[in-house]
Amino acid sequence: MSHNIDSPVTQLLNQLTIKYDVIEIPLSEDKKPIRNLEDLLTSEGRDPSSVVRSLLFKTGSGSFVLLGVAGGGRADWGVLRKHLDERKLRMAEFDEVNEVTGYVVGAVPPIALPETVRVLLDKSVTEYDTVIIGSGVLGYALALASKDLQTAMNDPDIGNFVKAESTEN
């Protein structure tokens, strides 16, 4: 089943002639994405760990930074602060996400963002052939080649910004 959506994200991908698939994510009655996204993706033969989460941070100097990360890793605050040369760093507040990116929480992509948002890409994203990103429209995601995502990001700052997952129990 094919869905056509229009957002700054799909416009950018179309402009760059990058192929992508639209994935519908059913919303609950209160317009929130279903919580079993992993089951949905698995049922479609997609890898749930290939979802690129867009994490927005506010620096102590007042700028915003978005980190694109795949898999279940957590941001390494120390590495991020050092890389950004910032002493203070915090997650953006719920309302700040929409104000700064122009997208609602749950649909924020790592591309097609205002120029004022610095974008970092964790190396975890490059480990997948195909990744899934926010489409800019709640209820839809986009699957595309990881290399095409990097092209659309226009030479992103790539690094190890996530803590290695502990194997200890």
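Okay, let's start with phenylalanine 57, which is buried at a relative accessible area of 1%; buried means under 20%, exposed over 50%, and partly exposed in between, with a 1.4 Å probe and protein chains only. Keep in mind that this is a predicted model: local features need pLDDT of at least 70, side-chain atom pairs count only at pLDDT 80 or more, and totals for chains, interfaces and linings use all residues. Residues are numbered from 1 along each chain as its sequence is written, and side-chain values use heavy atoms, leaving out hydrogens and water.

So what does this residue do with its ring? The structure has 1 aromatic pair, meaning Phe, Tyr or Trp rings (for Trp, the six-membered one) with centres within 6.5 Å; planes under 30 degrees apart are stacked, over 60 edge-to-face, the rest tilted. Here phenylalanine 57 and tryptophan 77 have ring centres 5.2 Å apart and planes at 90 degrees, so they sit edge-to-face. Phenylalanine 57 is in strand β2 (52-59) and tryptophan 77 in helix α3 (77-84), 20 residues apart. Helices (H or I, at least four residues) and strands (E, at least two) are DSSP runs, numbered from the N terminus. Tryptophan 77 is partly exposed, at 28% relative accessibility.

Now the sheet. It's open, with 3 strands in the order β1-β7-β6, paired antiparallel; pairing takes at least two DSSP bridges. At the edges are β1 (21-24) and β6 (130-134), each pairing on one side only. Between β6 and β7 (140-145) there are 5 bridges, and isoleucine 133 stands opposite leucine 142 in β7.
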